[in-house]
Amino acid sequence: MLFDTHAHYDDERFDGDRDALLASMPENGVGLILNPGCDLDTSRKAAAYAAAYPHVYAAAGYHPENLEGGVDLDAIEALARENPKVRAIGEIGLDYYWEKDPAKRKYQQEVFHAQMRLAKRLGLPVIIHDREAHLDTLTVVEQHPGVMGVFHCYSGSAEMAKRLLGLGYYLSFTGVITYKNARKAREVIEMAPLDRIMVETDAPYLSPEPFRGKRNSSLYVYRVAEQIAEIRNLPAEEVVRITAENGRRFFGIQG
Ligand code: NI
């Protein structure tokens with residue numbers, strides 16, 4: 001049974017078949033899905049899917065690209081408190097690929113800190129988005145030692161991975177590791193302890209090979225597990241089992 005630990009079913013690309021697709025996952029080997037939020041609206045949608053499907057869980061939070069209209073962290077906190085299937089604050093973090101303005105980057109950092117404090121208050125882990133902001137992201141997480149987290153779609157160096165693993169963090173990988181230029185991620189997968197790795201699709205984005213360019217969904221998460229299995233020279237079923245176990249432990253989901 002696979003656990004896709006990061007998929008955005010609130011995306012409009014699922015408007016035509018969302019319910020049929022989500023309902024079909026268990027019979028297709030995907031036993032668990034976590035849908036993170038990117039703002040208040042998508043966090044509420046994620047919580048609603050989690051309430052509707054036994055195999056779906058949610059996270060709530062503001063993605064760093066979605067801070068333009070300001071943030072309502074009280075509403076995120078209320079959503080998390082009222083919905084027992086909200087199991088993390090996320091996705092949160094820093095995105096310097098899309099944001100070049102230093103003042104707005106500073107604001108991303110402030111909101112990131114505030115959401116780390118919120119996670120601590122709620123006793124929930126965090127799902128971190130770090131795009132071309134490795135050093136600053138590391139600096140923020142190091143200032144919140146009581147918070148546990150996962151770096152989603154991990155794109156940092158092996159060196160940074162070692163520091164994160166030392167802090168107790170998990171690393172999660174997408175279909176990007178099946179692309180030809182994924183040398184750095186492969187180095188990280190070679191050295192990371194197996195009990196700290198999770199798999200995800202980031203659907204509808206980042207479809208793995210050979211589906212690159214198509215809409216992604218949890219149906220393709222097995223390709224990520226297969227790629228890790230190949231890199232670690234393990235049977236794919238072993239990676240499927242361990243990554244699902246890691247996801248359940250991380251998000252506090254029973255057996
Ligand atoms: Ni995402």
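H8 and D202 are both buried, that is, under 20% relative accessible area with a 1.4 Å probe and protein chains only (over 50% being exposed, in between partly exposed). The model is predicted, so that local features need pLDDT of at least 70 and side-chain atom pairs count only at pLDDT 80 or more, while totals for chains, interfaces and linings use all residues. Residues are numbered from 1 along each chain as its sequence is written, and side-chain values use heavy atoms, without hydrogens and water.

The nickel ion is coordinated at 2.1 to 2.4 Å by H6 (NE2), H8 (NE2), E91 (OE) and D202 (OD). Donors are N, O and S atoms within 2.8 Å of the metal (3.2 Å for Na, K and Ca); water is not among the atoms, so sites may look incomplete. Along the chain the donors are spaced H-x1-H-x82-E-x110-D. H8 lies in the loop between strand 1 (2-4) and helix 1 (18-24), and D202 in the loop between strand 8 (197-199) and helix 8 (221-232), so the pair ties together parts 194 residues apart in sequence. Helices (H or I, at least four residues) and strands (E, at least two) are DSSP runs numbered from the N terminus.

The 8 strands of an open sheet follow the order 1-2-3-4-5-6-7-8 with parallel pairing, where two strands pair if DSSP finds at least two bridges between them. Strand 1 and strand 8 are the edge strands, each pairing on one side only. Strand 3 (residues 56-60) and strand 4 (residues 86-95) run parallel and are joined by 3 bridges; A58 stands opposite V86 in strand 4.
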